[in-house]
Each structure stands twice: as C-alpha cells, then as structure tokens.
Amino acid sequence: MREVDLTAVRPYADHLGDGLVQMSFTLPVPYSLAARKAALELAGRMGFEEPEVVHYEQLTEGYTYFVMYGRCVQSVDFEALQGEGFDIEYMSEDEIERFAEEHLHRKVVVVGASTGSDTHSVGIDAMLNLKGYHGHHGLEGYRSFETHNLGSQVPNSVLLAKAIEVGADAILVSQTVTQQNLHVHNLTELVEMVEAEGRRGDMILACGGPRVSNELAKELGYDAGFSKGTEPQHLATFIVRELAARVASSG
Ligand code: B12
C-alpha cells in the first residue's frame with residue numbers, strides 16, 4: 001500500500017494523490033451551452049486541471065447550477081500544521097461530572113439560544129436538551145449543569161438579560177442562517193452588548209452552527225466556536241475546563 005506523504009497532501013478520489021475534487025456552484029446566467037463553457041472556463045481559472053461538468057441544470061430562469069469535477073494540483077504540508085493545538089481531547093460525560101465536582105464544587109449555569117431572526121433550533125437543542133445528539137445527553141442531563149434553553153428567534157438583549165438574571169457562567173449561541181452574513185451581525189451584536197454591560201470577563205461566550213468555526217468565533221470576540229459534528233460532551237468539556245482555569249487564575 002502506498003504511504004501518504006504528509007508534507008504534500010492533496011484530495012483523494014480514485015488513487016492517492018490524484019487531486020480529484022467535486023464542487024458545485026451556481027452561475028447567474030441562463031441554462032445553455034454557453035453557460036457550460038463559462039463554468040469550465042471558470043474552473044480552469046480557479047486552478048483546476050481537466051475540469052469536467054458532470055451535471056448542470058436550470059435552477060430558475062437566468063440561473064444555472066453545476067456539479068463539476070477537477071484535478072487540484074496544489075498540495076498542503078499537513079506535517080507543518082501538527083501541534084497547532086486545534087485538537088482537544090474531549091472528556092466523556094462521567095469524566096466531565098467528576099472534573100466539575102473536583103474543580104468547581106457547584107453547578108455550572110448556562111443560557112443558550114438561537115438568536116436574532118434565526119428559527120433553526122435543532123443545533124442548540126442538540127447541545128442543551130436531555131435528548132442531546134448522536135447518543136449523547138445534552139447538558140440538561142448532566143448533574144453538574146443548570147441549563148436554560150430559550151429556543152429560537154431570541155433577541156440578543158433577551159438572551160443577555162436572562163444570562164444576567166440567572167448568573168450564567170456561559171452564554172451559548174447557535175446561528176444557522178448565514179445569508180448576507182447575518183450570523184456575523186448577530187454574533188457581533190451580542191459581544192458588543194455583553195461588553196457594554198461590563199460582563200465580558202464574567203461569562204464564557206461560545207457559539208456554534210454549520211458555518212461557524214473556532215477561528216471565526218475568536219475573531220468575533222467569542223471564547224470558542226463549534227461546527228458540524230459537535231457533540232454535547234465536546235461543549236461541556238470546553239466549558240468546565242475553561243471555567244476551572246478561570247477559577248484557578250483568580251486565586
Ligand atoms: C430543519 C431545517 C429548517 C427548519 C428548522 C426547524 C427547527 N426547529 O430548527 C425550518 C423548516 C423551520 C427551516 C427554515 C428555514 N431555513 Co432551514 N434548514 C433546515 C435543515 C434541513 C436542517 C438543519 C438542522 O436541523 N440540522 C441539524 C443540526 C443538528 O445541525 P446544526 O444546526 O449544524 O448543529 C450542529 C452544529 O452546527 C453544532 N451547533 C449548532 N449550534 C450550536 C450552538 C453551540 C453553542 C454549539 C457548541 C454547537 C452548535 O452542533 C450541532 C450538532 O452537531 C437545513 C439543511 C441541512 N440539511 O442542513 C436547512 C437550512 C439550514 N435552512 C436554510 C434556510 C435558508 C432556511 C430559511 C431561511 C428558508 C426560507 N427561505 O424561509 C428558513 C429560516 C427562516 C429563519 N427566519 O430563520 C438554509 C441556510 C442557508 C444559509 N447558510 O444561510 C439551509 C442550509 C438549507 C439550504 N441548503 O438552503 N429550516
């Protein structure tokens with residue numbers, strides 16, 4: 001079996017290192033042979049070799065949707081990225097309970113919501129409700145957590161007021177709709193409000209959603225961001241460790 005060269009990693013489809021990529025996009029042009037040519041030319045300019053249109057169709061009048069294949073010739077040095085610290089060792093539910101008992105000696109209070117006009121509540125429910133996600137309890141099922149799930153379409157002002165009322169250790173925000181960068185606006189507004197109230201140092205701020213990343217979250221002033229595939233114990237691990245570190249550093 002061929003060994004992977006971790007200093008020059010590229011996408012893999014038929015055989016290692018072939019660089020084959022599948023991508024999809026929509027062009028604002030009518031469904032036509034010219035549209036197909038435009039997509040091929042664009043993929044070429046993106047740097048893909050041997051681009052192919054494997055499917056295209058009219059999305060609506062004046063718009064054409066494409067599924068393309070192309071060969072990516074660039075590679076990335078994966079070895080140079082090791083030790084960057086983006087992999088966290090998560091604890092299990094039992095380990096989290098024991099860690100909280102040993103280090104915190106009280107319940108961790110969290111308040112969460114899907115904010116602004118965003119109606120998608122499945123993400124925040126997955127994190128907080130007893131039923132949880134992927135066979136793992138949400139934080140409501142932990143002895144060491146007191147959870148307040150405010151649901152969806154919650155104004156940032158209401159979320160913050162609740163957090164202050166219950167003395168929250170962490171505010172948890174879910175954002176799914178990213179059209180027009182709505183999520184960035186909502187997430188930023190909350191940070192600004194927390195800061196204006198002089199509470200930023202008292203609360204952990206964490207957010208999540210399919211298009212949220214830890215990098216984006218940090219850039220917007222959050223302590224952490226979580227994306228697709230997050231399970232409740234990932235979030236719980238982060239919260240108890242972060243809180244314990246804050247308790248330890250405050251003497
Ligand atoms: C179900 C659904 C709905 C339901 C929502 C029901 C509900 N109660 O939530 C309904 C039908 C209401 C709906 C409405 C709309 N939807 Co919708 N919806 C979906 C759908 C099919 C699934 C979303 C979902 O539940 N995923 C499952 C959860 C578990 O995944 P998740 O949210 O990513 O959560 C995980 C992580 O992201 C993370 N996470 C999430 N939040 C948090 C928070 C914290 C603190 C942490 C730690 C982690 C975390 O952990 C979770 C578990 O791993 C998606 C398409 C898809 N297949 O993804 C579209 C989708 C999200 N919807 C979309 C759109 C556009 C809409 C509408 C605007 C449509 C319209 N024109 O009316 C409206 C929204 C109106 C509004 N005001 O918000 C788009 C969003 C595009 C974008 N990026 O902006 C999608 C992607 C569909 C699409 N391809 O166009 N929708």
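F145 is buried, with a relative accessible area of 3%; buried here means under 20% relative accessible area, exposed over 50%, and partly exposed in between, with a 1.4 Å probe and protein chains only. Its partner is Y142, and the two rings form an edge-to-face aromatic pair, 5.7 Å centre to centre with 80° between the planes. Y142 also counts as buried, at 4% relative accessibility.

Before going on, the basis. This is a predicted model, in which local features need pLDDT of at least 70 and side-chain atom pairs count only at pLDDT 80 or more, while totals for chains, interfaces and linings use all residues. Residues are numbered from 1 along each chain as its sequence is written, and side-chain values use heavy atoms, with hydrogens and water left out.

Back to the rings. The structure holds five aromatic pairs. To count as a pair, rings of Phe, Tyr and Trp (its six-membered ring) need centres within 6.5 Å; planes under 30 degrees apart are called stacked, over 60 edge-to-face, and the rest tilted. The pair of Y31 and Y56 is tilted, because the centres are 5.0 Å apart and the planes stand at 40°. Y31 lies in the loop between β1 (20-27) and α1 (33-45), and Y56 in strand β2 (residues 48-60), so this pair ties together parts that are 25 residues apart in sequence. Helices (H or I, at least four residues) and strands (E, at least two) are DSSP runs, numbered from the N terminus. Y31 is partly exposed, at 43% relative accessible area. F25, Y31, Y56 and F66 form one aromatic cluster.

Next, the ligand. Which protein atom is the donor to the cobalt atom? The single donor from the protein is NE2 of H120, 2.2 Å away. Donors are N, O and S atoms within 2.8 Å of the metal (3.2 Å for Na, K and Ca), and water is not among the atoms, so sites may look incomplete. H120 is found in the loop between β4 (108-114) and α3 (122-128).

There are 27 residues around the ligand, and H120, S121, S174, T178 and T230 come nearest; a residue is near a molecule or strand if one of its heavy atoms lies within 4 Å of it. Both α3 and β6 (170-174) supply at least two residues each to this shell. By class the shell has nine nonpolar, 15 polar and three charged residues. For these classes, Ala, Val, Leu, Ile, Met, Phe, Trp, Tyr, Cys and Pro count as nonpolar, Asp, Glu, Lys and Arg as charged, and the others, Gly among them, as polar.

Now some distances to the ligand. A backbone N or O atom of T119 lies 2.8 Å from a ligand oxygen atom. For T230, a backbone N or O atom is 2.7 Å from an oxygen atom of the ligand. T178 has a polar side-chain atom 2.7 Å from a nitrogen atom of the ligand.

E219 lies in helix α6 (residues 214-219) and counts as exposed, at 66% relative accessibility.

Last, the whole chain. The chain has seven helices and eight strands. Its domain assignment, automatic or from a database, gives domain 1 (1-82) and domain 2 (93-249), with C-alpha centres 36 Å apart. The C-alpha trace spans about 65 × 50 × 35 Å along its principal axes. Of the 251 residues, 37% are buried.

Definitions and conventions
Polar contact = N/O pair within 3.5 Å; in protein donor to acceptor, adjacent residues only side chain to side chain.
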